[in-house]
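Keep the sequence and the 3D view open as you read.

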Amino acid sequence: MSSQDKTMDKLVSLCKRRGFVFPSSEIYGGLANSYSYGPYGVELKNNVKQLWWKKFVHDRSDMVGIDGPILLHPRVWDASGHTSGFNDALVDCKNCKKRFRADHLVEEATGEDLEGEMEKMKQAIQENDIKCPECGSSDWSDVKNFNLMFQTEMNGIDEPVYLRPETAGAIFIEFKNILDSMRVKLPFGIAQIGKAFRNEIVAGNFIFRLREFEQMEIEYFIHPETDWEPLFDKWLDLQEEFIMELGADKKDLQRYEHPPEKLSHYSRKTVDIEYNYPFGFKELFGLAHRGDFDLSQHSQYSREKLEYYDQEKQERVVPHVLEPTFGVDRTLMVALLAAYTEEELENETRIVMKFPPRIAPNKIAIFPLMKNKPQLVEKAREVFDELKTKYVCEYDEVGSIGKRYRRQDEIGTPYCVTVDFDTVDKDNTVTVRNRDTMEQERIKIENLESYFAEKLEF
Ligand code: GAP
């Protein structure tokens, strides 16, 4: 099934029906494209984050992790340039009062990417007589810069503080503490997973563009004289490898290198890894060479030296940094899209979420064939109690076996185990059903542990 056939409507509906993702504040009429991860969504999300942490922190000797706060000193955002420059171009429709990103309006109408070029955007809206997508009017306000940071107040601080617009800031300001407390040597990286907040002018496309989201970011510090291009390419490969481990197909990925005129003045190279969502190729992850911009800026604003002592060369250097960044919510959206499968059976369409088992919310579901037969229920509960010590399992006795299989297919559970009369009356075997092939085999209860150890070995 091509990614283009997987409409957002079908995915959004499955996510709500099966407890992956719910529109948040729904009983109050909703709140501006915000979402809650439901019981299966949070399992999926935790599995994805754990896998990322394992791949990029635990499995490597050149990485350490941190968990910094959301509220940081306001100077952090002056130093990083967010206070003055973290803006998008906003334009209001005076007729219907809807707000739009001016660069997105122009791009949709003309195909031209004018992000950051205010004057050209104003001109393009006029010259192409771009109409409001909501009401058709062309009564536009002026195009204005809009800062995306959320402001709040903090007791004892007499200026606004901000909810961090990216996790990276919290990493840079711990550079010195990491050097002082850990035995790190260049090249090394600091990783963090956490919330970020952006007051996006327009949020949308389900969990693609949110105002409150999560990031998994790495600042990978290198010696300024390092031959950085092979490392840069290696990071891009690792980013793609990660999303493919979650089920994405290589053909749905492409790299977009920012042209020189779009690069920040400090960046030597920036590449977006894009995914082929149902609404087209758009950014999934990013990788930027940021030079020594961040450490130098924080050094200047904080008056703390943020340098690395190179023992071999006996010199102090300000390292350069490569920044691989991953959006958690976009990663989940890709994992959900990649897993979504419709199969035509004889009389029906089977919807099955073919998650790689390591990220599936449930690993095994256990059923008694009938819920009104105490001997089946008791045995099924015993099997459940045993298996749940090793795997995330679910016990279900409601409805026909066929319906229970379909439900677990939609949740993406790799295996279902059914206890029936042969189990209790004959040979202590159960039926194990494979989600993807729908094949069933009889396995002795005492062999289930070794059976799943082999099947669910990650
Ligand atoms: N520190 C670099 C940085 O924040 P970015 O491209 O602005 O770079 C990094 O964001 C990643 O965060 C993106 O590749 C995307 O996956 C995710 N992201 C950014 N804005 C988002 C939003 N409004 N909603 C969901 N995810 C977002």
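Phe206 has a relative accessible area of 5%, so Phe206 is buried. This is a predicted model, so treat the values here as computed from predicted coordinates. You'll find Phe206 in the loop between strand 9 and strand 10. Its backbone is worth a look too: phi of Phe206 is near 60°, which is a positive value in a residue other than glycine.

Asp129 sits in the loop between helix 6 (118–127) and strand 6 (144–147). Is Asp129 buried or partly exposed? Its relative accessibility is 41%, so Asp129 counts as partly exposed.

Then there's a cis peptide bond, which joins Leu186 and Pro187 with omega at about -5°. Pro187 belongs to the loop between helix 8 (175–181) and strand 9 (188–197). Helix 13 itself covers residues 401–411, and its buried residues are Ile401, Arg404, Tyr405, Gln408, Asp409, Glu410 and Ile411.

## The whole chain

Zooming out, the protein chain has 15 helices and 23 strands. Its C-alpha trace spans about 75 × 65 × 45 Å along the principal axes. Out of 458 residues, 50% count as buried. The chain exposes about 22400 Å², and carbon and sulfur atoms supply 46% of that area.

How about contacts along the sequence? Take the contacts between residues at least 6 apart in sequence: 66% of them join residues at least 24 apart.

## Around the ligand

Which residues come nearest to the ligand? Of the 18 residues around it, those are Glu166, Leu210, Glu217, Glu283 and Leu284. Sorted by class, the shell has six nonpolar, four polar and eight charged residues. Three strands each supply at least two shell residues: strand 10 (212–222), strand 13 (280–289) and strand 16 (320–327). Strand 13 gives the most, with four residues.

A side-chain N or O atom of Arg198 is 2.8 Å from an oxygen atom of the ligand. On the Glu200 side chain, an N or O atom is 2.8 Å from a nitrogen atom of the ligand. Gly327 uses its backbone instead, with an N or O atom 3.1 Å from a ligand oxygen. On its own the ligand exposes 550 Å², and the protein buries 89% of that.

## The nonpolar cores

The largest nonpolar core has 61 residues, and the ones touching the most other members are Phe20, Trp52, Ile218, Trp235, Phe242 and Phe355. Helix 11 (residues 328–339) supplies the largest share of this core, eight residues.

What does Ile218 touch, once residues up to four places away in sequence are set aside? The list is Trp52, Phe56, Met63, Ile190, Ala191, Trp235, Leu322, Glu323, Pro324 and Phe326. There is also a second, separate core of 21 residues, which includes Ala380, Tyr395, Val430 and Val432.

Lys49 lies in helix 2 (residues 39–58). Why does this lysine count as buried? Because its relative accessibility is 18%, and the cut-off for buried is under 20%. Beyond residues up to four places away in sequence, Lys49 touches Ile193, Glu214, Met216 and Val328.

Thr423 is part of helix 14 (residues 421–427). Its relative accessible area is 2%, so Thr423 is buried. Leaving out neighbours within four places in sequence, Thr423 is in contact with Lys379, Thr418, Asn428, Thr429, Val430, Arg442 and Ile445. One of those contacts, Val430, also belongs to the second core.

Finally, Tyr277 is in strand 12 (residues 269–277). Tyr277 counts as buried because its relative accessibility is 0%.

Methods: Residues are numbered from 1 along each chain as its sequence is written. This is a predicted model: local features need pLDDT of at least 70, side-chain atom pairs count only at pLDDT 80 or more; totals for chains, interfaces and linings use all residues. Side-chain values use heavy atoms; hydrogens and water are left out. A residue is near a molecule or strand if one of its heavy atoms lies within 4 Å of it. A polar contact is a pair of N or O atoms within 3.5 Å; within protein, one must be able to donate a hydrogen and the other to accept it, and residues adjacent in sequence count only if both atoms are side-chain atoms. Accessible areas come from the Shrake-Rupley method with a 1.4 Å probe; for residues, only the protein chains shown count as cover. Ala, Val, Leu, Ile, Met, Phe, Trp, Tyr, Cys and Pro count as nonpolar, Asp, Glu, Lys and Arg as charged, and the others, Gly among them, as polar. A nonpolar core is a set of buried Ala, Val, Leu, Ile, Met, Phe, Trp, Tyr and Cys residues joined through side-chain atoms within 4.5 Å. Buried means under 20% relative accessible area, exposed over 50%, partly exposed in between (1.4 Å probe, protein chains only). Contact means heavy atoms within 4.5 Å.
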